[in-house]
Amino acid sequence: MLIQTIDASVIRRCFLAGAKALDANKEIVNELNVFPVPDGDTGTNMTMTIMSAAREVAALPEEPDMKTLCKAISGGSLKGARGNSGVILSQLLRGFTKGIQDVKEVDVPILQAAFERAVGQAYKAVMKPKEGTILTVARGGAEKAFEMVETTDNLVEMVNAVLIHMEDVLEQTPDMLPVLKEAGVVDSGGQGLLYFLQGCYDVLLGREVDTDIDETAGTVNHQAGAGEMTGSLRADANVVADADIKFGYCTEFIIMLENEFTDDMEHDFKGFLSSIGDSIVCVADDEVVKVHVHTNDPGLAIQRALTYGQLTRMKIDNMRQEHHERVIQNAEKVAAEQAAADAAKAPKEPEKFPHKENAFISVSAGEGISDIFRDLGVDIIIEGGQTMNPSTEDILTAIDRLDADHIFILPNNGNILLAANQAKSMAKNQDVHVIQSKNIPQGIAAMLGFIDGVEAEDNEASMNESITEIREGEVTYAVRDTTVDGKEIKNGDIMGICGKKIEAVGTDIVDTTVDLIRSMLTDESELVTLYYGEGADEEQAAKIASKIGLERLDVDFEIQFGGQPIYYYFISVE
């Protein structure tokens, strides 16, 4: 089969098919994670990232221009990026789209250059790249593409050779990372990337593939402060609060910007929309502004928008008429239940916080943990952390709510650091500092290390220094059989983890937690804090403290309610 060039319409279908293929295989990718913990895993994070872009791409015409398509892929994946694997995937897509955005058709040389640019972009995004990861697999593909550009002008032949070579590189990843070899798995991120590319390749071969994208696929809700943060900023056009509707027309459109859309212009435009309606969503991204507003005069919104550029994808729904038709068609009880359910889903325009010198955003998991962070002065809580990594867009939305001279972000999870740094790089005219907290105890220690009245840079250093003064651990359960750190682990076993090492494995929560704490204590240790989660209680925590206390009379204990899911205990030793 000979294909020498492909246009934007083919690339659109390739991308959507690749996204669907990754989504269909995400649980297989999750199973490849080295640690058998019940977290938001690689497959989940990569799928939610790619689906954020897929929803943008699916909304385009079937024959888009290349620049618009690339903007949708790059912007959608950047905002939706979750976890380290998702951020790296978004950077691969960003680099790739930069390599093709200015052409009408892609041939072998252009595709090779785009592969090379994708890998370079991804490597730059990671502070300390490790070989044996998704980066290695992607680089292997780019190297093979470089070889093929001299021998063929057939895209099918080139991509086939690239995929075969990437599979070979993936199989070699356990030899590059001992932890993969011990667990008997290949790199999960590399496998996810291959599933995506194989889905793209199916379209290139002319196979019948599913490219329909569920508009809600890959979305998730997070709580932030007093308002609600959502993984998707699209408002529900069918929300009706009952017969009494203040603003009757749900109005949506996209502005194709003709000039720079500055922060002041965005602020003024949002203010205007607020003066004529509610349920406002206004997301600006370089050349495009996405707008949603409920108003009684859609014309006013459209007229103001036209001053910034041309409009596309305009949609106006008469919510009063829709409501009236539903009342006629449905029984009163069914209609009321549906309206209540829809109202619960409706995103609300979050209020801005009052101005302050320093503001804090913290990722958290569990009612008690969130309360602790609030007591320490955190302004916005993003629910997620271990069990669901928030996206770059979630963090950007939180940043946008704050009016502060300096903003400090506490990711509190190593798998969220890249997303936080990506949000920092995308935040406009904001002084953002990302603290290197990789878990909840480190985040709490960092907040305790903040000092009022000193420079932001000094506080960033102080907070990061506070992290190094504690040892942190966590207790959870295994979700599959595996071997890690020389320990045989069975599905359902209790695991005690310190840093990136499994220190204790057993079948009893108390005994395993005691073993973990013993491994964490040093001669200089003075205080152990136990944050107990949903699967534990204060009485059990006190029992653990008593057992260790009898052995170490020089160590004090504190017991705090965390309420975190999945993890029985977070532990801090200082």
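**Aspartate 175.** I looked up aspartate 175 and found it exposed, at 56% relative accessibility. For burial I used these cut-offs: buried is under 20% relative accessible area, exposed is over 50%, and partly exposed lies in between (1.4 Å probe, protein chains only). This is a predicted model, so I kept to local features with pLDDT of at least 70 and to side-chain atom pairs at pLDDT 80 or more, while totals for chains, interfaces and linings use all residues. Residues are numbered from 1 along each chain as its sequence is written, and side-chain values use heavy atoms, without hydrogens and water.

**Salt bridges.** My rule was a side-chain nitrogen of Lys or Arg within 4 Å of a carboxyl oxygen of Asp or Glu. That rule gave me 17 salt bridges. Aspartate 175 pairs with lysine 181 at 2.8 Å, N to O. I then checked arginine 207, which bridges to aspartate 202 with the closest N and O atoms 2.6 Å apart. Aspartate 202 is partly exposed at 22% relative accessibility. I also noted a salt-bridge network of Glu131, Arg139 and Glu143.

Next came aspartate 394 and arginine 82, whose side chains form a salt bridge at 3.4 Å, N to O. This pair joins distant parts of the chain, 312 residues apart. Aspartate 394 sits in helix H16 (residues 392-401), and arginine 82 in the loop between helix H4 (66-80) and helix H5 (83-100). I took helices (H or I, at least four residues) and strands (E, at least two) as DSSP runs, numbered from the N terminus. Both partners, aspartate 394 and arginine 82, are buried.

**Threonine 173.** I found threonine 173 in helix H8 (residues 155-176). Threonine 173 counts as buried because its relative accessibility is 0%. Setting aside residues up to four places away in sequence, threonine 173 touches Gly132, Val137, Leu180, Val186 and Asp187. Contact here means heavy atoms within 4.5 Å.

**Isoleucine 467.** This residue lies in helix H19 (residues 456-467). Isoleucine 467 is buried, with a relative accessible area of 8%. I listed its contacts beyond four places in sequence: Ile435, Gln436, Ser437, Gln442 and Ala446. Isoleucine 467 and isoleucine 435 are 32 residues apart in sequence and 9.3 Å apart in space, C-alpha to C-alpha.

**Helix H15.** I asked which residues of helix H15 (residues 367-375) are buried. They are Gly368, Ile369, Ser370, Ile372 and Phe373. Their cover includes strand E9 (356-364), strand E10 (380-383) and helix H18 (440-448). Strands E18 (527-532), E19 (556-561) and E20 (569-573) are also among the covering elements. Glycine 377 follows H15 and has a positive phi, near 110°.

**Charged patches.** For these I joined like charges within 9 Å, using residues with over 30% relative accessible area and no salt bridge. Lys and Arg count as positive, Asp and Glu as negative; His and the chain ends are not counted. The negative surface patch gathers Glu357, Asp403, Asp405, Asp452, Glu455, Glu457 and Asp458. Aspartate 405 is partly exposed, with a relative accessible area of 37%.

Lys128, Lys130, Lys438 and Lys500 form a positive surface patch. I placed lysine 500 in the loop between strand E16 (494-498) and strand E17 (501-506). Lysine 500 is exposed, at 66% relative accessible area.

Note on methods
Patch = residues over 30% accessible without salt bridge, like charges linked within 9 Å, V, L, I, M, F, W, Y side chains within 5 Å. Areas by Shrake-Rupley, 256 points an atom, 1.4 Å probe, with all protein chains shown as cover. Charge placed at Lys NZ, Arg CZ, Asp CG, Glu CD.
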